[in-house]
Amino acid sequence: MEYEPFDKDEIIPEEYNSYESYIDDINNFLYPYQSLFISNKYNSSSELILTEKSVHALITKQYEKLPPAFLSYFNSIKSYLTSHPEESEIIFEFLIDLSSDELSLYPSKFTEKKNLLKQKYIMPKELEEFFSKSRKLSPRDKSGENKIEKIDTDEWYEIRNGKELNSNISTLLMKQKKKYEVKLLGNCVINEAKNKKINTIIDIGCGKGYLTNYISMNSTLRTIGIEGDENYTNKMMLRINKIEQKNNKEKEKENNINNIIINKAEGYTSFLTYKTTPDEFKNIARINNDENIILTGLHPCGDLTPTLMRLFKNINQIKALIFVGCCYNKLSENPKYFNLVKNNNDNQILLESNEYGFPLSNYLLIKNKIKFHLSKTYISSNPHPCSKTREEWLYSYKMCSYRFALELFIHQNLPNFLEVHYIGQIRENFSKSFGAYLNKALINIKNHAQKFDFNDKKYGEELIKWINIFTKENDVVKIGNEFYQNLESFNDIIFDVVPHIVLNARLSQILEGLVVADRVLFLKEFCSYVSARRLFHPFISPRGIQIIAYK
């Protein structure tokens, strides 16, 4: 299969003719605005010592750290909201529409009133330029040129409305979103394997083996799934056996007795890290010397993606790489990087770079150095604001407000500590009010506190002790609701939470573009062909940029 040197479907915006020029502009643009998506602390040697957590936004007063022109604009809107609380829904929808250009095009009963707000509150030039540059730098998305129905989302809409769908055997036991992702990526891997005369597929971070099994059942390829969690690997093999039994029964019904054996995937448990050597990996996957391999992954988490890219580079039998990344917020970085830059120690930067997940390319490490640490930024986990409806955005505002208020409430009761708490999933029926949310959250936190890894080892005991006393002696729901009212929430949303989320929605797309571009440039260092293009429609799967590379 022949490719053009530079495919028209690449994710970089049309005005750029190289990933280098694209990444340069992102690097320069994000540097002065890094306070919008990270809050890092450095020591006197420019070494990163900690990153303030996003859930502590009310404690650290992140809203007040907005650029002055931004803060003035949002404060004027906040002042109007304070005097017109009955218009909160209109005002929050007005702010939601700032998160993307597409949302403002959706029909709304408030369109006329929002236009009046736009005329009343003139956006400052600096903020206009921020939005303009954000549009320019967001990865190009050609999915809008394809009608949604062409990529099977008629089924997606049905499942969103609660209807159950029939499914072929290779997508048995999957949720609809996963079926969509597995089918598109799986078919791509199978087709590329045919074109490149590949005989083996290795799926990294395979989870319960959905992609692994789909490829094995729809091809004659040897298919291997590798997963770090043994519990998932066991579930994968149980699922494969269940599908095999179902397949055999169907073929028996068709009197196809001579062809009841299916191509069965292999599953192995191994937690892969930067320390995993090529020889260790070949032993884990039982790789033979005469195999030609495609390495793949569907949303491998955090540093697992850089790990599979390095394995691709260092193992001769792996001829191609096809994956869709995820969890950019979990990438590790060298905390000493800026100290090494200051001392012009490029050799040490390159030597230590193999231990970390970002940046990967010599271009960002050495040639045109990255100007900031991502430091587990949380916003790049939502790189497509249009994947949410306005109603979903409002609910997201409310849940962020509750989550931030929870951390503030705990901190005010345990002021000697500043920790993040594991609350698990809190269903909507426990979120009718902040008091109900607080009550459920404290129960969940207490249940997980003994196993949760807090920074301060003494904190878990103190936390459990306080929760036991507080919940026994007080009406938690009532106290929680009174506490939340004092935070000046409007229609259950704290205004100070919203501007950062709106601005983050713009930046998150660019951060995804930055990470993807860095990976493309890393692969270009040793590959004959590299391409990054959107595979999944952002409405269905926001993290949907696929990278394909051949040695």
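A residue is taken as buried when its relative accessible area is under 20%. I kept that cut-off at hand throughout, since the model is a predicted one.

**Entry 1: strand β7**

I started with β7, which covers residues 318-324. Six of its seven residues are buried, so the strand is largely enclosed by the rest of the structure. I then looked for its partner. Strand β6, residues 293-298, pairs with β7 in the parallel sense, over six bridges. Within that pairing I found Leu295 opposite Leu321 of β7.

**Entry 2: the chain as a whole**

I stepped back to the totals. The protein chain holds 20 helices and eleven strands. It has 551 residues, and 54% of them count as buried. Among contacts in the chain with a separation of 6 or more, 75% are between residues 24 or more positions apart. The accessible surface comes to about 26300 Å². Carbon and sulfur atoms account for 47% of that surface.

**Entry 3: helix α4**

Next I went to α4, residues 88-96. Eight of the nine residues in this helix are buried, so α4 is largely enclosed by the rest of the structure. I listed the buried ones: Ser88, Ile90, Ile91, Phe92, Glu93, Phe94, Leu95 and Ile96. Which elements cover them? I noted that the cover includes the helices α3 (68-83), α5 (111-120), α16 (390-413) and α20 (498-524). The strands β8 (489-490) and β9 (493-494) are also included in that cover.

**Entry 4: Ile540**

I looked up Ile540 in the loop between β10 (529-534) and β11 (545-550). Buried or exposed? Ile540 has a relative accessibility of 3%, so it counts as buried. I then checked its separation from Glu181, which is 359 residues away along the chain. The C-alpha atoms of Ile540 and Glu181 are separated by 9.0 Å.

**Entry 5: backbone angles**

Most residues other than glycine have a negative phi, and most peptide bonds are trans. I looked for departures from this.

Cys327 has a phi near 50°, a positive value in a residue other than glycine. Cys327 lies in the loop between β7 and α13 (337-342). Its relative accessibility is 15%, so Cys327 counts as buried.

Glu488 also has a positive phi, near 55°, and is a residue other than glycine. I placed Glu488 in the loop between α19 (476-485) and β8. That strand, β8, is one of the elements listed in the cover of α4.

The peptide bond from Phe358 to Pro359 is cis, with omega near -15°. Pro359 belongs to the loop between α14 (346-353) and α15 (362-367).

**Entry 6: cavities**

How many cavities of 30 Å³ or more does the whole structure hold? The search finds three. The largest cavity has about 90 Å³ of space. Phe358 and Pro359 are among its lining residues, and the bond from Phe358 to Pro359 is the cis one I had noted.

Methods. Residues numbered from 1 in each chain as written. Predicted model: local features only at pLDDT ≥ 70, side-chain atom pairs only at ≥ 80, totals over all residues. Heavy atoms only, no water. 1 Å grid on protein atoms, 1.4 Å probe; cavity = no way out; pocket = protein on both sides within 12 Å on 5 of 7 lines; lining within 4 Å. Points joined across faces, edges and corners; volume = space filled by probe spheres on them. Helix = DSSP H or I, 4+ residues; strand = E, 2+ residues; numbered from the N terminus. Buried < 20%, exposed > 50% of the residue type's maximum accessible area, 1.4 Å probe, protein only. Contact = heavy atoms within 4.5 Å. Areas by Shrake-Rupley, 256 points an atom, 1.4 Å probe, with all protein chains shown as cover. Pairing = 2+ DSSP bridges.
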